[in-house]
Amino acid sequence: MEIKLELLPPEKRRKLDLEGDLPFGCIFTDHMFLMYYQEGKGWYDAQIKPYEPICLDPAATVFHYSQTIFEGLKAYYGVDGRIRLFRPERNMARMNYSAKRMCMPAIDKEFALHAIKTLVDLEKGWIPKEIGSALYIRPVLMGTEAFLGVKPSSEYIFFIILSPVGAYYKEGFNPIKIYVTDKYVRAVPGGVGDVKTGGNYAASLMASEEAAKLGYTQVLWLDAIERRYVEEVGTMNIFFYFEDELVTPALTGTILPGITRESVIQMAKDWGLKVNERRITIDEVIEGAETGRLKECFGTGTAAVISPVGYLAYKGKEYVINQGQTGPLAQRLFEELTGIQYGEKPDPYGWIQFVP
Ligand code: COI
């Protein structure tokens with residue numbers, strides 16, 4: 001399929017100052033990608049056009065039953081002036097995994113990646129040049145059929161928007177404070193916790209609001225059955241570094257299979273660390289924080305990158321990890337990962353794809 005281009009004349013394109021601290025996800029570039037799907041016809045009308053509101057029927061499936069999924073990846077402006085994407089094929093694979101679980105049509109992964117590269121190349125002037133900033137890429141697939149019965153939509157749109165961003169958390173790369181909730185749960189076995197669907201994020205809002213009121217940046221979720229096993233943070237996966245072991249919760253179906261998570265596991269293993277994907281109880285974490293056996297805790301995600309966790313609140317008590325400081329492992333992972341992403345370091349894994 002060809003991508004039809006309808007571009008703004010140069011004098012209508014905005015020129016923003018992208019230096020300094022950029023907020024996350026508030027600014028959008030001049031153009032977007034869009035294509036449509038109809039049962040029996042397949043995907044059609046792929047186009048890049050000026051960024052504008054999408055007009056949908058008020059009865060569209062997505063508005064009522066949340067048949068929607070998304071992805072998040074970034075384009076990095078390298079130190080050599082080249083534009084890099086980090087493992088975008090993993091995002092496309094995950095998008096199709098999510099689509100299958102939500103009874104949505106698959107996208108052609110190669111074509112979607114071509115659409116991303118074409119759009120990013122066209123909007124390359126929007127990629128912030130500062131290390132730590134990037135152009136966030138948000139592909140979305142949603143059901144658009146006007147029908148109020150509960151069944152998979154027969155019509156869909158797939159779109160991609162771009163947003164120049166800085167750090168996701170206001171703390172930047174500094175340690176954040178996390179609230180462990182045993183009141184709310186994020187996902188249940190057999191549910192959609194491992195799917196990047198909007199409803200998971202909507203369901204997390206109340207816990208996040210309550211945690212924010214108490215001064216915490218994010219919520220750490222426990223498993224829904226026993227409320228004992230650590231799961232993830234919602235905006236990132238979580239890692240615990242004990243004396244001789246780096247642990248992250250195993251992918252049991254209730255946790256998002258993060259691409260940064262996967263990359264961190266690979267790097268840490270290659271550095272000779274003992275890395276275990278296993279179940280981990282909140283009691284083990286708290287005991288580690290109390291005895292000092294827990295050396296570091298950090299989150300991983302596309303938006304969050306590597307986010308050290310300096311404080312954990314659980315059952316009314318706050319626990320300090322590594323004196324509330326960024327630990328050497330989080331620091332090394334951050335430097336290695338961003339080094340690869342910004343072209344400051346070699347890419348031994350072949351994780352980078354260039355634009356164009
Ligand atoms: C990402 O890291 O790209 C995410 O999708 C998390 C997000 C909800 C900001």
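An oxygen atom of the ligand lies 2.8 Å from a backbone N or O atom of Ala 303, a polar contact in the sense of a pair of N or O atoms within 3.5 Å. Taken alone, the ligand exposes 280 Å², of which the protein buries 91% (accessible areas by the Shrake-Rupley method with a 1.4 Å probe). The model is predicted: local features need pLDDT of at least 70 and side-chain atom pairs count only at pLDDT 80 or more, while totals for chains, interfaces and linings use all residues. Residues are numbered from 1 along each chain as its sequence is written, and side-chain values use heavy atoms, with hydrogens and water left out.

Side chains also reach the ligand. Tyr 136 places a polar side-chain atom 2.5 Å from a ligand oxygen atom, and an N or O atom in the side chain of Lys 196 is 2.7 Å from an oxygen atom of the ligand. The residues around the ligand, with a heavy atom within 4 Å of it, are Phe 70, Gly 72, Tyr 136, Arg 138, Tyr 168, Lys 196, Tyr 201, Thr 302 and Ala 303. Because domain 1 (4–165) and domain 2 (176–341) both give residues to this shell, the ligand lies between them; the domain bounds come from an automatic or database assignment.

Two backbone features remain. Most residues other than glycine have a negative phi, and most peptide bonds are trans. Ser 66 has a positive phi, near 60°, and sits in the loop between α1 (61–65) and β4 (68–70) (DSSP runs of at least four residues for helices and at least two for strands). Val 355 and Pro 356 are joined by a cis peptide bond, with omega about 0°. Pro 356 belongs to the segment after β17 (352–355).

Definitions and conventions:
A polar contact is a pair of N or O atoms within 3.5 Å; within protein, one must be able to donate a hydrogen and the other to accept it, and residues adjacent in sequence count only if both atoms are side-chain atoms.
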